[in-house]
Amino acid sequence: MSEESSGSNQYEENSLSLTGSVAMGTGVMIGAGIFALTGQVAEQVGGLFPLAFLAAAIVAGFSSYSYVKMAQKYPSAGGIGMFLMKAYGKGTVTAGMALLMYFSMVINESLVARTFGTYSLQLMNVEDTAFWTPALGVGLLIVVFLINIMSTTFIGKFSLVTAAIKIGGILIFAGAGLHVSGLSFEAVGVTERTSSTSFLSATALALLAYKGFTTITNSGSEIKEPKKNIGRSIIWSLSICLVVYLLVALAVSGNLSVSQITEHRDYALSKAAEPAFGQWGRYFTVGLAVIATISGLLASTFAVSRMLAMLSEMKLVPHKHFGMPGDMQQHTLVYTIVIAIALTTFFDLGRIASLGAIFYLVMDVAIHWGVLRHLKEDVKANTAILVTAISLDIVILGAFVWMKASSDMLVIWVSIVGFILIFAGERWFLARVDDSDDEHQHNDQQKKQHAT
């Protein structure tokens, strides 16, 4: 089992085949994100949004290089935290960047939860969407938490079935949409929203639809012949996702104008399904969105809480029981759900996606720089590819921040405050841990001296 679907903390070496790892990667990536991000990306770049998904796939391809090299050399379920530890040692950079990855994953959970609320409301005659969208998302998060606590073995079986349903359903949607459109994509092209900066900014958002490939690297200790199959799994997964995303984007552009896509940006797929399926189109896409969001959250909450538990065990982040029963991962599950609920309540889809993109890209640059600066010879990495990956990340991050600074400064301020709290807090915590360790060592030495 993979970390996304396993209900156990035990890992079996060579238990995941090439086919299984590809299915896992595509199952994680092709999910609720595409339902929310299609409209958000189109809002950024207008009619060139299908090309933004293509550009994001290229960036993800270069981005995956460092993770593949690290996973081949150090196959481990420790994932990002272990990679950062190898590159930077135990310190503020490792702890802070690992937390950025953790928070980007939690942010993605709130994006999924909010998407559930947005699409579910398409079947209800509700005027107060500002209340009911986050309310439904929070309700789903609570249900997912209870299932994780009571029956984690259910998650694996449920994920396998729903992965086939949601991917098959998305392909049916894309095929029907393309057929009805007559392969005429009037919405595709340069519009008043299109500029080089907006295109790069949209690419940063679209990258969120691909970052699930890190799940494969996190399962390096379980994949058969990891040195050969980790790279293959990622290439196949990214390629399959690219094809699916392009088909979806073209189907949407063939049935809606750019203005319609941006107007209904939070549920663009639902609106685009109506010409192909009539009144049943809404039910079809809402059903797919509900399945994708529920299955995605069930799988990701376990994986995210396990990552935080791993960081706690490595003494990179503080951990408090607060009198709660259960083991450490159950506690980190509570923390994860509470943070996701707060984000779902106070931020809309656009802002949630923006925060996730900023956090992820900063962490991604740190991974590549760590490999380039400290581990290039050890993992036999190519300098040119690493420099290209760093450059692409910095360019699209810079464009994205520039766009947000001119349109939604709140996202920038929240990101800055988040960086300060994470890194300042980690510096303070790790200093206390080091002092505590030094004190324990001193006391042990004194005891040995007294004993002699």
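## Exercises: pockets, a cavity and crossing helices

The second largest pocket here has a volume of about 670 Å³. Before you dig in, note that this is a predicted model, where local features need pLDDT of at least 70, side-chain atom pairs count only at pLDDT 80 or more, and totals for chains, interfaces and linings use all residues. Residues are numbered from 1 along each chain as its sequence is written, and side-chain values use heavy atoms, with hydrogens and water left out.

**Exercise 1.** Work out which residues and elements line the second largest pocket.

*Solution.* 
Step 1: On a 1 Å grid over the protein atoms alone, a pocket is an open set of points with protein on both sides within 12 Å along at least five of seven lines, and lining residues have an atom within 4 Å of a point. Grid points are joined across faces, edges and corners, and a volume is the space filled by probe spheres set on the points.

Step 2: The pocket has 27 lining residues, and the closest to its centre are Leu99, Tyr102, Phe103, Ile339 and Ile422.

Step 3: find the elements. Helix 5 (92-120), helix 13 (280-313), helix 14 (328-346), helix 15 and helix 17 (409-451) each give two or more residues to this lining. Helices here are DSSP runs (H or I, at least four residues), numbered from the N terminus. Helix 17 gives the most, with 9 residues.

Step 4: sort by class. The lining splits into 20 nonpolar, 5 polar and 2 charged residues. Ala, Val, Leu, Ile, Met, Phe, Trp, Tyr, Cys and Pro count as nonpolar, Asp, Glu, Lys and Arg as charged, and the others, Gly among them, as polar.

**Exercise 2.** How many cavities of 30 Å³ or more does a search of the whole structure find, and which residues line the largest cavity?

*Solution.* 
Step 1: a cavity is a set of grid points where a 1.4 Å probe fits but cannot get out. The search turns up 1 of 30 Å³ or more.

Step 2: the largest cavity has a volume of about 40 Å³. Its lining is Ser104, Ile107, Asn108, Leu111, Leu208, Lys211, Ile352, Ala353 and Gly356.

Step 3: helix 5 supplies the largest share of that lining, 4 residues, and helix 15 also supplies at least two. By class, you get 5 nonpolar, 3 polar and 1 charged.

**Exercise 3.** Find where Phe419 sits and what Phe419 touches.

*Solution.* 
Step 1: Phe419 belongs to helix 17.

Step 2: skip its neighbours within four places in sequence, and Phe419 is in contact with Leu100, Ile358, Phe359, Val362 and Ala424. Contact means heavy atoms within 4.5 Å.

Step 3: now look along the chain. Phe419 and Leu99 are 320 residues apart in sequence, yet their C-alpha atoms are separated by 9.8 Å.

**Exercise 4.** Describe how helix 3 (residues 49-73) crosses helix 15 (residues 349-379).

*Solution.* 
Step 1: the two axes come within 10 Å and cross at roughly 50°. Axes are lines fitted to C-alpha atoms, for helices over the stretch in contact, and angles run from 0 to 180 degrees between N-to-C directions.

Step 2: name the arrangement. Angles under 35 degrees count as roughly parallel, over 145 as roughly antiparallel, 65 to 115 as roughly perpendicular and the rest as oblique. Helix 3 and helix 15 are therefore oblique to each other.

Step 3: Helix 3 passes helix 15 in a left-handed crossing, where the near helix is turned anticlockwise from the far one by less than a right angle (right-handed if clockwise).

Step 4: list some partners. The residues that meet include Phe62, Tyr67 and Met70 in helix 3, and Tyr360, Met363 and Ile367 in helix 15. This contact has 9 nonpolar, 3 polar and 4 charged residues.
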